[in-house]
Amino acid sequence: MTDDPAATAKNLSVGMELFNAGKYAEVISFASGTSDPALLLLAARSYTETGLYDTAGSLLKDLIRLMPASSYLHSYLGLVLEHSDRNTAAEEYATALILDPENKAALRKYAALLLEKEDMRGAIPSLRALVRLENNPDDIRKLMQTLTRVGEPSEAIALHIQNFGDDTFSHEYIDALYAEKEYQKAMRLSLRAWNTLKDTVYLRQSLEALAALDPAGAERAYRSALDSLEEAHVDDETVSQIRFSYILLEKLLGNYTSARYELGELLKTTKDPVYRLLFAELEARLGNGEAANSVYRELITQLCKADDADPLLQELVISKFTAFLSTVRTKEEVAGIISIILSPYPTPVCLAWIGKAYEEAGSLSQARDWYYRAYRADFIRGGIAYSGFLRRSGDERECETTIRYMMANTSKIPDIEIIADSVFNGEEGIYKNVKAKDMIIKKLSSVTDKLSSNGREMLSAGYLYSGIDALERQDYETCKWCCLAGIDVLPCYPARIRVEDFMDVLSRLKGRALAERPVIVETQVEEEEQKTDAYDLSFLDSRESAVFIFLKEHREATEMDLRAVLETRRVAGIVNSMLTKLAEHGISLIEKRGVGERGEVYGYVGT
């Protein structure tokens, strides 16, 4: 195809007509062999529409190499990557937002991916930006819901009042009121909503608010509501939730027989393990030990045999069963029973729980053996249990060795964060082992851009611990650097630490330091010196230097732009001379990007 600007514009018009008509194969054929970025983008969109995502992704990556500052290209690549690698897609959306914080498509997609991964705190800034840019009611309610889930219901309430008024209702607003313990207002609004819309979610919310205010009165209201729903033949997921809330209320009031009956009715339509677990507990409360024991064992067998069972649910059931046994058996007997029941299932959860039972019984050699088997079965989940035991046993060296092996052989971000959580937030306080802590910090910091909000908070906590350690040994420069690094990676709405924690350490430092050197200024000076040393442009004349500096600052310029800068029509010759000199000195930071309506296009490809 020709590089003539008029012909290029005509070709793009033809390509757009084909694309809008859904003739994607013809668009791809038409764009074949072109160097025009607009037509190449149209081809990438056509590949996407026909499901050829790998080809579309490759083409978009080529375009991004030509135009690295294009937020749209990064955003569209994220859309394509969602079909193959959702984590990498999230990274592309993040890059798009760094380049253009008001890229609405990237904001919406990025927030959706973070929410999909349960990274609520990470999604809040994007959701807030969407609300600011579009003020869409659905976005506002999504932000309210997310704020409530991360423990900020007061902000969700303020957001609702600001946008919808104090006396209007929504599921999200009532949930926020309940979380803020404004039960009276939550009950009043949810009752009005139920009477207006007959939405069973509002009925559930009103009953839960009443239960918080008046448990005895709520018992009668629950019974009446369930009878009315049964008469009206209403039976959906929300009705099951209402019944389960009623069961929990009956348990709270000590009405175990009624709770068991209602739970039995619920179990006729579902075999939810959580419901069965509660059924076993109710049987135990009623003194039916054999029945409870039978339910516990059946549930453990079912969960341990399943290949896709949730390890956290397995942990919960086994812990409840162990607690049940402990009320009627000695610790030694509990260990023996747990070993017999769980040993047929060589999963890290089962093996570690056998180890824990023997540890509780004081049989440390047997406990270590079972914990080690869990470690060999799964070096991540089993390794977490094994390293915790080693720390409790005082074997710091082996604990450190285990952490080192886990870190060296872990590459998936969720696994890295699970290990880090056990080190920084586990009851054993493994982070107090300096080498183990430093290994976790090094691993987390190597993948900072890929971490969830929880991962970033753990990295921030690691820096805080390191800052405190440095303060105690009077290494004030390291202390300041760790505090600044910790603040830098701290996510929005952290769960355990705050910026104030770092400020407290810095305040203590300022009170102790007799003499100190600033760490930020020195770093900035070093960076400027490195930049100056990296590009010695003394071989360029004044006009060539002006072109280089202009392109470095603006990233891209046309021939007409440079004519205005240099006040001459001889731009092509000057640029060619500059490119030749740069090539001779091994510098390839300027490139030609084809011809547009304003002449040749030049770009800067450095960082």
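## Burial of Glu 359

A residue counts as buried when its relative accessible area is under 20%. In this predicted model, Glu 359 has a relative accessibility of 18% and is therefore classed as buried. Glu 359 belongs to helix H21.

The side chain of Glu 359 forms a polar contact, at 2.8 Å, with the side chain of Tyr 371. With neighbours within four places in sequence left aside, the residues in contact with Glu 359 are Leu 364, Ala 367, Tyr 371, Phe 389 and Arg 392.

## Nonpolar cores

The largest nonpolar core has 74 residues, and those touching the most other members are Leu 263, Leu 342, Ile 403, Ile 440 and Leu 444. Helix H21, residues 348–360, contributes the most to this core, giving eight residues. Another core, of 72 residues, lies apart from it and includes Leu 42, Leu 159, Val 239 and Ile 242.

Beyond its neighbours within four places in sequence, Leu 342 contacts Ile 300, Cys 304, Ile 318, Cys 350, Trp 353 and Ile 354.

## Packing of H19 and H20

Two packed helices are described by the distance between their axes and the angle between them. For helix H19 (residues 311–326) and helix H20 (residues 331–342), the axes come within 10 Å and cross at roughly 145°. The crossing of H19 and H20 is right-handed.

On the H19 side, Ile 318, Phe 321, Thr 322, Leu 325 and Ser 326 make the contact; on the H20 side, Val 334, Ile 337, Ile 338, Ile 341 and Leu 342 do. Eight of the residues in the contact of H19 with H20 are nonpolar and two are polar, with no charged residues.

How values were computed. Residues numbered from 1 in each chain as written. Predicted model: local features only at pLDDT ≥ 70, side-chain atom pairs only at ≥ 80, totals over all residues. Heavy atoms only, no water. Core = buried A, V, L, I, M, F, W, Y, C linked by side-chain atoms within 4.5 Å. Buried < 20%, exposed > 50% of the residue type's maximum accessible area, 1.4 Å probe, protein only. Helix = DSSP H or I, 4+ residues; strand = E, 2+ residues; numbered from the N terminus. Contact = heavy atoms within 4.5 Å. Polar contact = N/O pair within 3.5 Å; in protein donor to acceptor, adjacent residues only side chain to side chain. Axes fitted to C-alpha atoms, helices over the stretch in contact; angles between N-to-C directions. Left-handed = near helix turned anticlockwise from the far one by under 90°. Nonpolar A, V, L, I, M, F, W, Y, C, P; charged D, E, K, R; others polar.
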